[in-house]
Amino acid sequence: MLAGCSSDGIYRQAEGSAWHTLYHITYQSPRELDDSIRVVIDSIDSSLSFFNPESELSAINSATGDIEVSQSIRDVYTLSRRVWLMTDSVFDPSVAPAISAWGFGKGHKVSPDTLALDSLRSFVGLEKTNLTGTVIHKDDPRVEFNFSAVAKGYGVDRIAAMMERNGVGNYLIEVGGEIRASGVNQNGRLWRVAIDCPREDSRAGEEAVETVSFTDMGIATSGNYRNYHSATDGSRFGHTISPRSLRPVRTDILSVTVMASTCAEADALATAAMAMGFRKASVLLDSLKLPAVFVMAGQDSASFSVIPNKTFRELKRAND
């Protein structure tokens, strides 16, 4: 179990920028795969980027009729619909117009239409869309998708698939905090990662609230503590938007980290958990037997508590 696939060669490092963030990849291979990593990154950007006006997703959002879509779009749509169903529509990538209205979409400026969110309701809702074969249908041409809550995790999985096609069995892929690992590290041990402290004044990787050793899984963290806007009254609102109210969610969770068989699934469920709140999210993740760590807001802005679920504690005891 620990050895993974046979993979000759030294452990190599690859670093760079992707999807408005940074990536760090460690892998064992007799040859460099930097060019192949870049090909995957560019492919994901050209298909799933909400911010790239030339992407396939932008073409879908602009389409006035049915449109044939690529395998990448079909994959993220299918996963999104599955999570949409299991979360009673709390996770919904068609909330894109509301995300933009609150200043987290293209341009990152809060629109004056923010107070007229009811006008968006007629064309927000995944039930107004369907995928049949290779074709996506939108009941209303104004429907838009924003797959940002799953695209990065999906991209990590695609890099992992490329590694495996090239015979790499030992790797750790991290893109903006989303992670996928296989096999073992250069010391022959399970990969070990830290979960960041959810404080805006702490840099990524600077302070950890929990650590775990693992392999053959994906990890994703969702939180509003670094991606937020300030209102005119001095209050803050985060980027997680409720598809029901079309407003930023008020949640008791500062951040949640989810582990799953793929990084895309972990990514989607972490975002959904933020929107659901601790009680409902913990029930869902327990029912799925997925490891999770919740960081809960304290009585003041400087305090928090860390709540690993049972499955996470069991994984930690087994692997650490």
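**Reading burial and salt bridges**

Colleague: At 45% relative accessibility, what does glutamate 127 count as?

Modeller: Buried means under 20% relative accessible area, exposed means over 50%, and partly exposed lies in between (1.4 Å probe, protein chains only); at 45%, glutamate 127 therefore counts as partly exposed, whereas lysine 128, at 17%, counts as buried. This is a predicted model, in which local features need pLDDT of at least 70 and side-chain atom pairs count only at pLDDT 80 or more, while totals for chains, interfaces and linings use all residues. Residues are numbered from 1 along each chain as its sequence is written, and side-chain values use heavy atoms, with hydrogens and water left out.

Colleague: How many salt bridges does the structure hold?

Modeller: Side chains of opposite charge can pair when their charged atoms come close. A salt bridge is a side-chain nitrogen of Lys or Arg within 4 Å of a carboxyl oxygen of Asp or Glu, and the structure holds eight of them. One of these joins glutamate 127 to lysine 128, with the closest N and O atoms 3.1 Å apart.

Colleague: Which parts does the pair of glutamate 265 and arginine 82 tie together?

Modeller: Helices are DSSP runs (H or I, at least four residues), numbered from the N terminus. In the salt bridge between glutamate 265 and arginine 82, the closest N and O atoms are 3.8 Å apart; glutamate 265 lies in helix H6 (residues 263-276) and arginine 82 in helix H3 (residues 71-86), so the pair ties together parts that are 183 residues apart in sequence. Glutamate 265 is buried at 13%, whereas arginine 82 is partly exposed at 40%.

Conventions
Helices (H or I, at least four residues) and strands (E, at least two) are DSSP runs, numbered from the N terminus.
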